[in-house]
Amino acid sequence: MDKIEKNQKNLSEPIFGSPQMREPAPSEYIPKYKTPAEIAYQIVKDETFPQTQPRLNLATFVTTYMDDYGTKLMNEAVGINYIDETEYPRVAVMCGRCINMVANMWNSPEEAEWKTGAVGIGSSEACMLGGVAAWLRWRERRKAQGKPYDKPNLVMSSAYQVVWEKFCQLWQIEMRTVPITRDHITLNIDEAISMCDENTICIVPIAGVTWTGLNDDIEALDKALDRYNEITGHDIPIHVDAASGGFILPFLFPKKKWDFRLKWVYSISTSGHKYGLVYPGLGWVVWKDKKYLPDQMSFSVNYLGASIAQVGLNFSRPAAQILAQYYNFLHLGFEGYKEIHSNSMTIAEYCHQQIGKMPCFRNYSQTLENPLFIWSLDPEYEKTAKWTLFDLQDKLMQSGWMVPAYTMPKDIEDMVVMRVVVRQGMSRDMANMLLEDIQNAVEELEKLAYPTPSRIEAQTKGKVYTH
Ligand SMILES: Cc1ncc(COP(=O)(O)O)c(C=O)c1O
């Protein structure tokens, strides 16, 4: 075969007629030989082909729908590294504007032209930065008082997201958790206060608890903490983990005080990629004032026409999400965000109501504070059921839905629940399809002659939830 003929053969080779399609995809070593781009593309693309449709994934809080212009902006910025600020100074300016807007959305009292905050890859990075700042502030205070600073602790509810466990492990901070119980389904404030002492770096209430969708009562916590700090002379602040609630409360419950209007709230973190409506990964953390951000954490940059603090765990990170966040602020405005989140809330409330009406289920809470909710099997029904919510999860997957079932945290871990997170991209019509699929799945499960393995396991472990 001469060279031209060989080239012709390669040119005309159909993708699915190629030898690569007959071989397993490489998994251990970089392959020795090249693969034509269109074939490599197809292999990579097909690897994710059978996965759940992102918008049918009701497990995630993270954005799975953006409009065409937002998506186009992100695609066009895919090669931009945020940290190259001398090359892309306008991205840094846009980031500063986003921080300003987020801070003002949370009623920041800071008067500086550029508010004190940072961008992160998600809430996890943002929480870590808030936590580190609280720890360093506490340490400096202890040093100045000539007191030991080797036993820091942090107080929050047992319904924490795993990032706080990571934070405490990585920075060697004792984690004191207040159990959520069937009587106290959010942070028990009296108990949280009773766990504090001179070594407490901060209390972390959650707006939009991952496990339940509820909010800790941050206003009541602030009041209780104010009394406690006054009596003890301690200076324990609050960092609010508002991963989901940070972009819900300002739009749907603007009168509710949970943010910088409260005395002891010194920092707040959120995920731009959750109800900030940007594709992953994007997080924000804001401090009430520059004085709450320890100098050791900030690296001064001057590309904004003034010296501003730049803070982060990561160095390189994609810029596309920052552009998309700014685009969303510009395009949607306050009203647009409010409309989208109101719709999500209405649809979540509708699903919550309909699920609550099904005799086999029982909702965890009466009302919703964020567009997500959990429910469990009705305790009476569960006594004789042949199936569990894990079986329902599997059944729903057959119709493409990802609706997770899981056990609750410590102290109520025998309780199995199911969660639906409603986000932009879920219509009432889709909600009806989901409800119909749940109804059909339950009907099929009820026809079972024998208990499912998951039910047998729950029964043998004594984990059938009864009140
Ligand atoms: C309360 C809470 N905090 C922190 C996180 C971590 O967020 P991210 O995935 O943006 O890092 C989550 C994620 O679901 C969360 O719900």
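## Ligand shell

The ligand is surrounded by 15 residues, of which the closest are Gly-122, Ser-123, Ser-124, Gln-161 and Ala-243; a residue is near a molecule if its C-beta atom, placed from the backbone, lies within 6 Å of it. The model is a predicted one, in which local features need pLDDT of at least 70 and side-chain atom pairs count only at pLDDT 80 or more, while totals for chains, interfaces and linings use all residues. Residue numbers start from 1 along each chain as its sequence is written.

With three residues, helix H5 (residues 123-144) gives the most to the shell around the ligand. Helices (H or I, at least four residues) and strands (E, at least two) are DSSP runs, numbered from the N terminus. The shell comprises five nonpolar, nine polar and one charged residue. Here Ala, Val, Leu, Ile, Met, Phe, Trp, Tyr, Cys and Pro count as nonpolar, Asp, Glu, Lys and Arg as charged, and the others, Gly among them, as polar.

## Nonpolar core

The largest nonpolar core holds 116 residues, and Ile-203, Ile-238, Val-286 and Ile-322 touch the most other members. Such a core is a set of buried Ala, Val, Leu, Ile, Met, Phe, Trp, Tyr and Cys residues joined through C-beta atoms within 7 Å. Helix H10 (residues 320-357) supplies the largest share of this core, 10 residues. Because domain 2 (72-330) and domain 3 (342-460) both give residues to the core, it lies between them; the domain bounds come from an automatic or database domain assignment.

Apart from its neighbours within four places in sequence, Ile-322 is in contact (C-beta atoms, placed from the backbone, within 7 Å) with Tyr-82, Val-91, Met-94, Cys-95, Cys-98 and Val-119.

## Overall fold

The protein chain contains 14 helices and 13 strands. Its C-alpha atoms fill a box of roughly 85 × 65 × 45 Å, taken along the principal axes. Of the 467 residues, 39% count as buried, a class that requires 20 or more other C-beta atoms within 10 Å of the residue's own, with 12 or fewer making a residue exposed and values in between partly exposed; C-beta atoms are placed from the backbone.

## Backbone features

The peptide bond from Pro-280 to Gly-281 is cis, with omega near 0°. Gly-281 belongs to the loop between strand S6 (265-271) and strand S7 (283-287).

Gln-172, a residue other than glycine, has a positive phi near 55°. Gln-172 sits in the loop between helix H6 (162-170) and strand S3 (174-178), and counts as exposed because it has 10 C-beta neighbours inside 10 Å.

Methods: Two residues are in contact if their C-beta atoms, placed from the backbone, lie within 7 Å.
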